[in-house]
Amino acid sequence: MIVEPKVKGFICTTAHPEGCKENVRRQIAYCKEKGMTEGPKKVLVIGSSTGYGLASRIAVTYGYGADTIGVAFEKESNGRRTATAGWYNTKAFEEFATEDGYYAKSFNGDGFSKEMKEQVIETIRKDWGKADMVVYSMAAPRRTMPDGTMVSSVLKTVGKELTNKTIDLRNNEIKEVTVPVANEEEIQNTIKVMGGEDWEAWIRALVEADVLAEGAVTLAYSYIGPDITHAIYKDGSIGQAKKHLFETSKKLTEEMADHGLKAYVSVNKALVTQSSAAIPIVPLYISLLYKIMKEEGLHEGCIEQMNRLFTKKLPAGETDSEGYIRLDDWELQENVQSKVSELWTKVTTENIGELGDIDGYWEDFYQMFGFHYDNVDYSADVEI
Ligand code: NAD
């Protein structure tokens, strides 16, 4: 099939197998160039197929020399439609890692479910004995609860409605958006989907089954951001879930002290991923942020962030006073944020091309689905 991008708003419904492979190849090449450091050798990554989770998997394999088990929820091709990008990424990662002599096994299915936890536990027991690191990077719109009911997360504000600028990704138009207030049930559901409950369930299940090594480390990811995005993110419904995630990290470290477990939340930089593209206001902020961070020579993508996390910040045990690992340190620098705020007040449909890095935003977007790589022949027939 000749695969072309089919973009609908903030999603692309096709993915290019060769381009996804190129994405993984480039991330691996970056980590190989950066070199190895001492670290965990048996790493479970939950949410391992795209964005920060995929980059984590690559960073620990090529930064620590670790074997990995990945869990993700992706769609396989049915012969007529392409698979999802995460499906192709996973396949490519397994191929490269295996070629380089690393164990890489992946599970495709619902990470929230008890069945998935049991399958992974059995595999760890059989193949490794114990895991020594667990990365939790799942970003899901909804969750099937153990009783079969479905709960959905929402991207809304808390307390009062918000009107601010946003970009309409269908036509790059800058306009105003009003984000409604989440009610209590929506907030609680968002916490159930994106908070720490499932992370805790994974860790408890692994410890109870005796497949998590003493002194193991676990990490989950969060975002804080600047004032511009606080109402929609940090103080919004998703932010309430992220607070719960952080409280869970404290609770896990405290309650599993006997086991020597250390649970961290790493606050990462705002980047184009399938999840962040869905948040109102954030994509416009990202395109202005990219512009400034690239000008200042501070720009990083997922792999640069994850390589810095696993080879620098985590080994050094570097946290802020609250206990967060801060990979948003460069994003939140005063010289970066003062310039972004200034652009925010000025940006319009007419000047976005000049003031923001809208081309950089779209380039990252297409590349996430395996498109726009200069060394991939998109006119060629590919096996999907
Ligand atoms: P992403 O959409 O690229 O990745 C989500 C991953 O979760 C994929 O591997 C997907 O397959 C998996 N997944 C979704 N539902 C699942 C399910 N039911 N079972 C198993 N796997 C499932 O998202 P991302 O942006 O990389 O987000 C990962 C984490 O990083 C999230 O906690 C997010 O809040 C955080 N984060 C993101 C940003 C950003 O700007 N993108 C910034 C800071 C922190």
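Predicted model: local features only at pLDDT ≥ 70, side-chain atom pairs only at ≥ 80, totals over all residues.
Reader: Which residues come nearest to the ligand?
Author: Of the 30 residues around the ligand, the nearest are Ser49, Gly111, Lys242, Thr273 and Ser275, where a residue is near a molecule or strand if one of its heavy atoms lies within 4 Å of it.

Reader: And what classes of residue make up that shell?
Author: The shell around the ligand has 12 nonpolar, 14 polar and four charged residues. Here Ala, Val, Leu, Ile, Met, Phe, Trp, Tyr, Cys and Pro count as nonpolar, Asp, Glu, Lys and Arg as charged, and the others, Gly among them, as polar.

Reader: Which helix and which strand each supply at least two residues of it?
Author: Those are helix 2 (51-64) and strand 11 (212-222); helices (H or I, at least four residues) and strands (E, at least two) are DSSP runs, numbered from the N terminus.

Reader: How far is the side chain of Glu74 from an oxygen atom of the ligand?
Author: An N or O atom in the Glu74 side chain is 2.8 Å from a ligand oxygen, and a backbone N or O atom of Tyr221 lies 3.3 Å from an oxygen atom of the ligand. Taken alone, the ligand exposes 840 Å², of which the protein buries 93%, with accessible areas coming from the Shrake-Rupley method with a 1.4 Å probe, and only the protein chains shown counting as cover for residues.

Reader: Changing topic, which residues of helix 5 are buried?
Author: In helix 5 (residues 184-194), the buried residues are Glu186, Ile187, Asn189, Thr190, Ile191, Val193 and Met194. Buried means under 20% relative accessible area, exposed over 50%, and partly exposed in between (1.4 Å probe, protein chains only).

Reader: What covers them?
Author: The cover includes strand 7 (142-144), strand 8 (150-152) and helix 8 (237-255), where contact means heavy atoms within 4.5 Å.

Reader: How many salt bridges does the structure hold?
Author: There are 32 salt bridges, each being a side-chain nitrogen of Lys or Arg within 4 Å of a carboxyl oxygen of Asp or Glu. One of them joins the side chains of Asp127 and Lys105 (2.9 Å, N to O). That pair links distant parts of the chain, with Asp127 in helix 4 (residues 114-128) and Lys105 in strand 5 (residues 104-108), 22 residues apart.

Reader: Why can side chains pair like that?
Author: Side chains of opposite charge can pair when their charged atoms come close.

Reader: What separates Arg125 and Glu122 in helix 4?
Author: Arg125 and Glu122 are three residues apart in helix 4, and therefore separated by about one helical turn; their side chains meet in a salt bridge (3.4 Å, N to O). Arg125 is partly exposed at 40% relative accessible area, and Glu122 is partly exposed at 43%.

Reader: Last one: is His230 buried or exposed?
Author: His230, which sits in helix 7 (residues 227-230), counts as buried because its relative accessibility is 16%. Not counting residues up to four places away in sequence, His230 touches Ile224, Gly225, Asp235 and Gly236.

How values were computed: Residues numbered from 1 in each chain as written. Heavy atoms only, no water. Polar contact = N/O pair within 3.5 Å; in protein donor to acceptor, adjacent residues only side chain to side chain.
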